[in-house]
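Biologist: I would like to learn how to read a model like this one. Please take me through it feature by feature.

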Amino acid sequence: MDGDATLALGVFIVAVVATAMSGGIFKPGEWYERLNHPSWRPPNWIFPVVWTPLYGLIAWSGFAVWQVAGWSGAAGAFAIYFIHLGLNFAWSWVFFGLRRPDWALGEVAFLFLSIVATMVAFSAHSSAAVWMLAPYLVWVGFASFLNWTIMRLNPEAHRIGV
């Protein structure tokens, strides 16, 4: 791998690691455990196990597009990609940091749409990059349903423990 490719891969890895840090900064904690949860909620330890390979695929998908198109050849696609990473980071802040499952539901809807938009933008450059994002889209769909269910089971969640 030449220097430009190494640098590009590093950019994608650093961006995704920075995004993933949101889950470490804004943790579920005691407030979340006091909420009512659906019986089908996965145990907390599952989330990092699932997110780790998903974040790897997110970084690799960006790099795959870069390999085909470079920064300038996919500038619009990368703008959408990096916006979507910001939305990914923001969800943990809104749900766990602000303790607002209701606002987080709206935020995750934008995240879901931004993943779809990223996939559409990437499709002009790499079908492999699109498929790398497919498991992520499915997981965010599941997380959205979990978010909605928790919000429905806890209509006053933002007032618990404030």
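Modeller: Start with the ground rules. This is a predicted model, in which local features need pLDDT of at least 70, side-chain atom pairs count only at pLDDT 80 or more, and totals for chains, interfaces and linings use all residues. Residues are numbered from 1 along each chain as its sequence is written, and side-chain values use heavy atoms, with hydrogens and water left out.

Biologist: How many helices and strands are there in the protein chain?

Modeller: Helices (H or I, at least four residues) and strands (E, at least two) are DSSP runs, numbered from the N terminus. The protein chain has six helices and zero strands. Along the sequence, its pattern reads α-α-α-α-α-α.

Biologist: Why is the protein chain called as compact as a globular protein of that length?

Modeller: The radius of gyration is taken over C-alpha atoms, and the globule rule is 2.2 Å times the number of residues to the power 0.38. The protein chain has a radius of gyration of 17 Å, close to the 15 Å that the rule gives for 162 residues, so it is as compact as a globular protein of that length. The C-alpha trace spans about 50 × 25 × 25 Å along its principal axes.

Biologist: What share of the contacts links residues 24 or more positions apart?

Modeller: Contact means heavy atoms within 4.5 Å. Take the contacts with a separation of 6 or more: residues 24 or more positions apart account for 79% of them.

Biologist: What share of the residues counts as buried?

Modeller: Buried means under 20% relative accessible area, exposed over 50%, partly exposed in between (1.4 Å probe, protein chains only). Of the 162 residues of the protein chain, 43% count as buried. One of them is leucine 35, at 4% relative accessible area. Leucine 35 sits in the loop between H2 and H3.

Biologist: Which residues of the largest nonpolar core touch the most other members?

Modeller: In soluble globular proteins, nonpolar side chains tend to be buried together. A nonpolar core is a set of buried Ala, Val, Leu, Ile, Met, Phe, Trp, Tyr and Cys residues joined through side-chain atoms within 4.5 Å. The largest one here holds 48 residues, and Trp51, Ile58, Phe95, Phe122 and Tyr136 touch the most other members. Helix H1 (3-25), helix H2 (29-34), H3, H4, H5 and helix H6 (127-153) each supply at least two residues of this core. H6 gives the most, with eleven residues.

Biologist: Which residues is phenylalanine 95 in contact with?

Modeller: Leave aside neighbours within four places in sequence. Phenylalanine 95 is then in contact with Trp31, Tyr32, Arg100, Pro101, Ala104, Asn147 and Ile150.

Biologist: Where is the place of arginine 100?

Modeller: Arginine 100 is in the loop between helix H4 (75-97) and helix H5 (101-123). It counts as buried because its relative accessible area is 16%. Beyond neighbours within four places in sequence, arginine 100 is in contact with Val94, Phe95 and His158.

Biologist: How many salt bridges does the count come to?

Modeller: A salt bridge is a side-chain nitrogen of Lys or Arg within 4 Å of a carboxyl oxygen of Asp or Glu. The count comes to three. Arginine 100 meets aspartate 102 at 2.5 Å, N to O. Aspartate 102 is partly exposed, at 28% relative accessible area.

Arginine 34 pairs with glutamate 30, their closest N and O atoms being 3.3 Å apart. Both lie in helix H2, four residues apart, about one turn of the helix. Arginine 34 is partly exposed at 42% relative accessibility, whereas glutamate 30 is exposed at 62%.

Arginine 41 and glutamate 33 also form a salt bridge (3.8 Å, N to O). Glutamate 33 is partly exposed, at 38%.

Biologist: Which residues form a nonpolar patch on the surface?

Modeller: Patches are made of residues with over 30% relative accessible area and no salt bridge: like charges are joined within 9 Å, nonpolar side chains (Val, Leu, Ile, Met, Phe, Trp, Tyr) within 5 Å. Accessible areas come from the Shrake-Rupley method with a 1.4 Å probe; for residues, only the protein chains shown count as cover. Leu7, Val11, Trp71 and Phe82 form the patch, with about 360 Å² of accessible area together. Tryptophan 71 lies in helix H3 (residues 46-73) and is partly exposed at 37%.
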